[in-house]
Structures are given as structure tokens and as C-alpha cells.
Amino acid sequence: MAFAASALAVAAAAACGGGQTAYYSNYIDTLTLYALRNTPIRTPSAYSILDVLTVRTDTTGAFDFAFDIDSTGTPLLYPAGVLGLDQTTGLQIVHSSVDGVHSAPTDGYVTDSAMVVATGDVFVARSRSSSASCIYYSLPRYGKFEVLAIDSAQRSITIQGLVDLNCGFRGLDKGTPGS
């Protein structure tokens, strides 16, 4: 019985940030990524959840997902592991409005294949693990995203997203978790 109570307390703490304090306020941002292929090299093709930045894949491997349009014109998002990088990153389409996503799922992330996306799709993403702002753990961060537009002529995707940078938190609502 004591073990069960202890396990329940640990699980509850993990669900609410692992005993960590939330320091960062969650906010919505809009970003544009350009296809990995057939776009100028100076354009960002990937997104780093941990840095809340679009990045160029020719200058860093520190990103969590990348965008491309394949030879048939299909828009794709790649978790970093598909490109030979961190295998813990993952993506997951959710069948909800972006406002209906209040917390990141604990499982079900695609880590080993590209994900087809279309305008209006909502997805959640899990970053690579980091100990930044964590006291005891190295944990991933989570974000929710909505595809606002895909421009086949510019070979770009515009996404609205919200990332929770707080260590161990899965909350995906605006503001500081727990405030």
C-alpha cells in the first residue's frame, strides 16, 4: 500500500512538471519553414523547440523537425531522427482544433517516418531532451502547432505554434503553467 501511494505521488509530480517550478510563459508564435529541397540554402527548413527558433539545416543539427515537399508535391514534416539526428524527437497529428489541445500526449509520437501535412492540420511535437531549466532531469519539451498555409510556389509552410519550455511540463495553454 505504501508503495502504491508513493508511486501515485511520483506520477502526480511528473504530470505537473516533476516537482519543477514553471518560469516561462507560453505564448503563440507564427513561423515559416522552407522545403529542404529546391529552396535557397539561406532559408530555414527546420524548427528547434528548445530554442523556439527556425534554423537552417546546413548550419546546425540542433532541431526537432524539418519541412520538405517531395517530388510529387506532398508536404512533409520529418522528426529529426528520420534525418539521422536525435531519435527522441517526435510528431503526432491530433484530431482537434489547436485551441482544443491543452496538454501534450505521453505517447503515440511518430519518430521514424515523415508525416504528411495539409493546411488546417494540428500536430504536437516532442523535442530532444535537455537539462536547460531542469533541476534534476534531462527532459523533452512539447509544443502544439497548426498548419496555417502551404505555398507550393514558394515551397514553404506557415505554422502557428505554442511551446512549453518549462522543464517537465506538458501544458499547452497560453500563460505560465500553474499561475
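# Core, sheet and aromatic cluster

User: Which residues touch the most other members of the largest nonpolar core?

Analyst: This is a predicted model. The largest nonpolar core has 20 residues, and Leu33, Tyr47, Phe65, Leu77, Phe123, Phe145 and Ile159 touch the most other members. The elements giving two or more residues to this core are strand S1 (28-34), S4, strand S8 (122-126), strand S9 (142-151) and strand S10 (156-164). There is also a second, separate core of 10 residues, with Val101, Ala104, Tyr109 and Leu172 among them.

User: What makes a set of residues a nonpolar core?

Analyst: Members are buried residues of the types Ala, Val, Leu, Ile, Met, Phe, Trp, Tyr and Cys, joined through side-chain atoms within 4.5 Å. In soluble globular proteins, nonpolar side chains tend to be buried together.

User: Why is Phe65 called buried?

Analyst: The cut-off for buried is under 20% relative accessible area. Phe65 has 0% relative accessibility, so Phe65 counts as buried. Phe65 belongs to strand S4 (residues 65-69).

User: How many aromatic pairs does the whole structure hold, and what is the geometry of Tyr47 and Phe145?

Analyst: A search of the whole structure finds six aromatic pairs. Tyr47 and Phe145 are one of them, at 5.7 Å centre to centre and 80° between the planes. Pairing needs centres within 6.5 Å, and edge-to-face needs planes over 60 degrees apart. Both conditions hold, and the pair is edge-to-face. Tyr47 sits in strand S2 and Phe145 in strand S9, 98 residues apart, and the pair links distant parts of the chain.

User: Are Tyr47 and Phe145 buried or exposed?

Analyst: Tyr47 has a relative accessible area of 4%, so Tyr47 is buried. Phe145 has a relative accessible area of 0%, so Phe145 is buried too.

User: Why is the pair of Phe65 and Phe123 called edge-to-face?

Analyst: The ring centres of Phe65 and Phe123 are 5.7 Å apart and the planes stand at 85°, so the pair is edge-to-face. Phe65 lies in strand S4 and Phe123 in strand S8, so the pair ties together parts that are 58 residues apart in sequence. Both residues are buried. Tyr47, Phe65, Phe123 and Phe145 form one aromatic cluster.

User: How do you know that S10 is largely enclosed by the rest of the structure?

Analyst: Count the buried residues. Seven of the nine residues of S10 are buried, so S10 is largely enclosed.

User: What are the pairing partners of S10, and in which sense do the strands pair?

Analyst: Strands count as paired if DSSP finds at least two bridges between them. S1 and S10 have seven, in the antiparallel sense. Asp29 has Gly161 in S10 as its bridge partner. S9 and S10 have nine bridges, again in the antiparallel sense. Here Ile150 stands opposite Ile157 in S10. S9 and S10 form a hairpin with four residues between them, and Arg155 in the turn has a positive phi of about 55°.

User: What makes S3 and S7 the edge strands of the open sheet?

Analyst: Five strands form this open sheet in the order S3-S2-S4-S5-S7, with antiparallel pairing. Strand S3 (53-55) and strand S7 (115-116) each pair on one side only, and they are the edge strands. S3 is joined to strand S2 (residues 46-48) by three bridges, running antiparallel. Ser48 has Leu53 in S3 as its bridge partner. At S7, two bridges join S5 to S7, also antiparallel. Leu77 stands opposite Met115 there.

User: Why is strand S5 called mostly covered?

Analyst: Five of the five residues of strand S5 (residues 75-79) are buried. In a regular strand the side chains alternate between the two faces of the sheet. Pro75, Leu77 and Pro79 point one way from S5, Leu76 and Tyr78 point the other way, and all are buried.

Terms used. Residues numbered from 1 in each chain as written. Predicted model: local features only at pLDDT ≥ 70, side-chain atom pairs only at ≥ 80, totals over all residues. Heavy atoms only, no water. Buried < 20%, exposed > 50% of the residue type's maximum accessible area, 1.4 Å probe, protein only. Phe/Tyr/Trp six-rings, centres within 6.5 Å; stacked < 30°, edge-to-face > 60°.
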